[in-house]
Amino acid sequence: GFEVVGVYTQPDKPKGRGMKMTFSPVKELALDRNIPVYQPLHFKEEETVRALEELAPDVIAVVAYGRILPQRVLDIPPLGCVNIHASLLPAYRGSAPYQWAVLQGCTETGVSAQYMRLQMDAGDVIDVEKTQIGENETAGQLLDRLAVLGGNLLSRVLTSISRGSATAVAQDESKVTFAPMLDKSMCPIDWTKTSREIHDQVRGLHPWPVATAVLGGTEFKIHETRKTDLTTDKAPGTAVA
């Protein structure tokens with residue numbers, strides 16, 4: 001129900017074994033809808049910012065863009081810049097929120113709509129959508145569900161903003177937690193941990209960078225585990241299949 005005057009997505013990147021230049025799904029959809037697509041490396045150049053100003057957007061919606069927006073860009077839309085973040089803020093600010101929710105054994109998470117500011121994920125929260133995390137659900141499976149929730153949340157929030165009925169609440173800084181980037185150093189399983197911790201590690205690191213273990217001198221990836229007993233936690237490493 002809104003006119004999209006332009007879509008910004010990261011530059012095309014080579015992917016696959018053949019390293020073929022590939023469009024992002026966002027770009028493909030925008031081109032299919034005849035919506036102008038912009039792919040700047042960043043917003044440091046004057047002409048990049050000026051091009052966005054000329055689009056004259058009333059509001060800017062940002063989801064997993066992976067680029068820092070300077071204050072000059074944040075000031076362009078009169079109704080503000082809205083970000084959809086995959087956590088219940090102020091929990092898990094940062095680049096890997098849903099993964100850390102799984103890694104740390106959370107049973108609930110969700111998506112938050114916030115007004116953007118220069119400080120990462122620190123803006124006032126407009127609305128949230130909550131969901132339970134399945135006991136065997138991987139981070140990748142969770143993300144698929146959060147994407148749908150986030151789309152619905154964004155539509156609802158943009159509607160309230162356009163009607164002038166949106167309200168926002170400042171985040172409680174005393175409850176802030178962070179979700180730093182994942183890396184492969186987190187992959188090897190520590191078999192001295194409890195079965196629950198190992199189970200959460202495998203789920204949280206899937207589909208990337210994937211938990212690993214060594215058997216007979218050979219390293220292999222563990223894509224999935226199942227807890228045989230979620231009510232008790234026996235000796236370290238047990239109850240993991």
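A: Lys and Arg count as positive and Asp and Glu as negative, while His and the chain ends are not counted. The place of a charge is taken as NZ of Lys, CZ of Arg, CG of Asp or CD of Glu. In the protein chain there are 25 positive and 29 negative charges, and their mean positions are 4 Å apart.

Q: What conventions apply to the model and its numbering?

A: This is a predicted model, in which local features need pLDDT of at least 70, side-chain atom pairs count only at pLDDT 80 or more, and totals for chains, interfaces and linings use all residues. Residues are numbered from 1 along each chain as its sequence is written, and side-chain values use heavy atoms, with hydrogens and water left out.

Q: How many helices and strands does the protein chain have?

A: Helices (H or I, at least four residues) and strands (E, at least two) are DSSP runs, numbered from the N terminus. The protein chain has 6 helices and 12 strands. Its C-alpha atoms fill a box of roughly 60 × 45 × 30 Å along the principal axes.

Q: What share of the residues is buried?

A: Buried means under 20% relative accessible area, exposed over 50%, and partly exposed in between (1.4 Å probe, protein chains only). Of the 241 residues in the protein chain, 41% are buried.

Q: How many salt bridges are there?

A: Side chains of opposite charge can pair when their charged atoms come close. A salt bridge is a side-chain nitrogen of Lys or Arg within 4 Å of a carboxyl oxygen of Asp or Glu. By this rule the count is 12. One of them joins Asp32 and Arg33, at 2.7 Å from N to O; both residues are exposed.

Q: Which parts of the chain does the pair Glu53 and Arg72 link?

A: Glu53 and Arg72 form a salt bridge with their closest N and O atoms 3.3 Å apart. Glu53 is in helix α2 (residues 46-55) and Arg72 in helix α3 (residues 71-74), so this pair links distant parts of the chain, 19 residues apart. Glu53 is partly exposed at 33% relative accessible area, and Arg72 is partly exposed at 36%. Glu46, Arg50, Glu53 and Arg72 are linked in a network of salt bridges.

Q: Where do Arg156 and Asp127 lie?

A: Their side chains meet in a salt bridge, 3.0 Å from N to O. Arg156 lies in helix α5 (residues 139-162) and Asp127 in strand β9 (residues 125-132), so the pair ties together parts 29 residues apart in sequence. Arg156 is partly exposed, with a relative accessible area of 36%, and Asp127 is partly exposed at 26%.
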